[in-house]
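Me: I have a structure open and would like a short walk through it. Can we start with the terms?

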Amino acid sequence: THEWFMKNVLEPLENAKAAISEAMYDILPKYKADMERLGIKKGSKESAAVMYYGEGVTADGNPYTLDNLKQDFPSTWKNIVEADRINRRMYDDYVDKINRIAWIVLHFCAEAVRPSGVIPVQDECGFSSTHSIYRL
């Protein structure tokens, strides 16, 4: 039922999302301090280089390697590499948390709808349809 789904799936998911948002308030000041320490300013060439180096390509799709970084930023390339490591660690931690939450929710839903593997869904007019949990 709608009430069961709200209580057992959506409310816990919303609570988990709120907890992650609150955790970001603790993370962001340290991140800002790290970027200031490394001399990486929002909107700067160094900031763009952090992104290019981290993704391995420039905005126009050209490869961007450590050699490119050293050539473009001979005196600050180490700071850019460190900023990329900080970004990667934060990204990996964030994605890991989201994936754990998604797994818990999907696992809980799958357990709740066994053996049929479908969740009944009502649209705004009250018509029912089903969605396979295994396609989510």
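Reply: Buried means under 20% relative accessible area, exposed over 50%, and partly exposed in between, with a 1.4 Å probe and protein chains only. By that rule, 20% of the 136 residues of the protein chain count as buried.

Me: What kind of model is this?

Reply: This is a predicted model, where local features need pLDDT of at least 70, side-chain atom pairs count only at pLDDT 80 or more, and totals for chains, interfaces and linings use all residues. Residues are numbered from 1 along each chain as its sequence is written, and side-chain values use heavy atoms, with hydrogens and water left out.

Me: Where is confidence lowest, and where highest?

Reply: pLDDT is the predictor's confidence in each residue, from 0 to 100. The lowest mean is 46, in strand β2 (residues 128-132), and the highest is 97, in helix α3 (residues 66-72). For the protein chain the mean is 80. Over residues 121-136 pLDDT stays under 50.

Me: How many helices and strands are there?

Reply: The protein chain has 4 helices and 2 strands, in the order α-α-α-α-β-β from the N terminus. They are DSSP runs numbered from the N terminus: helices are H or I with at least four residues, strands E with at least two.

Me: What is in the largest nonpolar core?

Reply: Such a core is a set of buried Ala, Val, Leu, Ile, Met, Phe, Trp, Tyr and Cys residues joined through side-chain atoms within 4.5 Å. The largest has 12 residues, including Leu38, Val50, Phe73 and Ile86. Helices α1 (2-38), α2 (45-55) and α4 each supply at least two of its residues, and α4 gives the most, with 4.

Me: Changing topic, which residues are linked in a network of salt bridges?

Reply: Lys30, Asp34, Arg37 and Glu82 are linked that way. A salt bridge is a side-chain nitrogen of Lys or Arg within 4 Å of a carboxyl oxygen of Asp or Glu. Glutamate 82 and arginine 37 meet at 3.1 Å, N to O. Glutamate 82 lies in helix α4 and arginine 37 in helix α1, so this pair ties together parts 45 residues apart in sequence. Arginine 37 also meets aspartate 34, at 3.6 Å.

Me: Is aspartate 34 buried or exposed?

Reply: Aspartate 34 is buried, with a relative accessible area of 12%. Glutamate 82 is partly exposed, at 30%.

Me: What about aspartate 84?

Reply: Aspartate 84 is in helix α4 (residues 77-113). Aspartate 84 is buried yet has no salt bridge, and the nearest side chain of opposite charge, arginine 88, is 5.6 Å away. For charge, Lys and Arg count as positive and Asp and Glu as negative, while His and the chain ends are not counted. Arginine 88 forms a salt bridge with aspartate 92.

Technical notes. Contact means heavy atoms within 4.5 Å.
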